[in-house]
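Welcome! Please take a moment to look over the sequence and the model, and then read on for a short tour.

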Amino acid sequence: MFSEKVSEGVSVLGIGVDPLTVPELHGRIADAVQAEDRATFLHVNVHALNLACRHPWLHDYLNSADLVVCDGAGVQLAARLLGGRLPARITYADWIWQLAAFAEREGFTMFLLGARPGVAREAARRLEERHSRLDIVGCHHGYFDHRLDSADNHRVLEAINAASPDILITAFGMPLQERWLADNRVRLDVRVALAGGAVLDYVSGRLARGPRWMTDNGLEWLARLLIEPGRLWRRYLVGNPQFLGRVVLQRLRMRFRLSQ
């Protein structure tokens, strides 16, 4: 059912997830920026992997990325059930502040793209308030016509390329942000492209997180469900059991192959 990505990572539902800590991820970002590569680093959680099972293009795009990072306790649990190990859960709501400190220290520029009008600018203000030497060279909301040849899309690409950032964060939500990057990556003058989901809403203060005892103990999904039940009930109450069932089937297939 799932084609396997050949890598040193852990294959979860056919997606190769790289076993990285935050310092190792920062090292890979620095390598890409300094080499002036066009790298794409993506994050996956349970929702992303469920989407990849439904959309073959997303499955292929994730496996074509330069890095795929674990963004959820559910993915870590799945890796353990499948005989692997992912050493860190690197979730954007926490990691963005570490990324900002790292970019400030290294002198890397950033561009924030996504969320409702005004949110990216507020997120930039808050990041620069805490990290005064951080250079955010541009912001743009995510409410534009994302079609490849639309006038809106051309204007956004021109704004990003004029700024030529080292790091671009796209935050449209899954799978729209991945689709947009897949369509536009070759046209972007950006060293490292990231897909950040709701990160700008979190940083700007527009979206609250749950208490630490929940977010630090594998219950971020429950906290998000309690905050946005109308939007997220299907993702978690249907998606989480569906994901677990898929992982169990993958494990059974692995054991069957080993017994042959």
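What follows is a look at one helix and the sheet beside it.

Keep in mind that this is a predicted model. Let us begin with helix 6, which covers residues 119-130, twelve residues in total. From its first C-alpha to its last it reaches 17 Å, close to the 16 Å expected at 1.5 Å a residue.

Which residues of helix 6 are buried? They are V119, A120, A123, A124 and L127. These five cover an arc of only 135 degrees around the axis, so they lie on the same side of helix 6. An α-helix has 3.6 residues a turn, so residues three or four places apart point the same way. On the face turned away from the buried side, helix 6 carries the exposed residues R121 and E129.

The buried residues of helix 6 pack against these elements:

| Element | Residues |
|---|---|
| helix 5 | 92-106 |
| strand 5 | 109-114 |
| strand 6 | 135-140 |
| helix 9 | 199-204 |

Strand 5 runs parallel to strand 7 (residues 167-171), and five bridges join the two. Here F111 stands opposite L168 in strand 7.

Conventions. Residues are numbered from 1 along each chain as its sequence is written. This is a predicted model: local features need pLDDT of at least 70, side-chain atom pairs count only at pLDDT 80 or more; totals for chains, interfaces and linings use all residues. Side-chain values use heavy atoms; hydrogens and water are left out. Helices (H or I, at least four residues) and strands (E, at least two) are DSSP runs, numbered from the N terminus. The expected span of a helix is 1.5 Å times one less than its number of residues. Buried means under 20% relative accessible area, exposed over 50%, partly exposed in between (1.4 Å probe, protein chains only). The arc is that of the directions from the helix axis to the C-beta atoms. Contact means heavy atoms within 4.5 Å. Two strands pair if DSSP finds at least two bridges between them.
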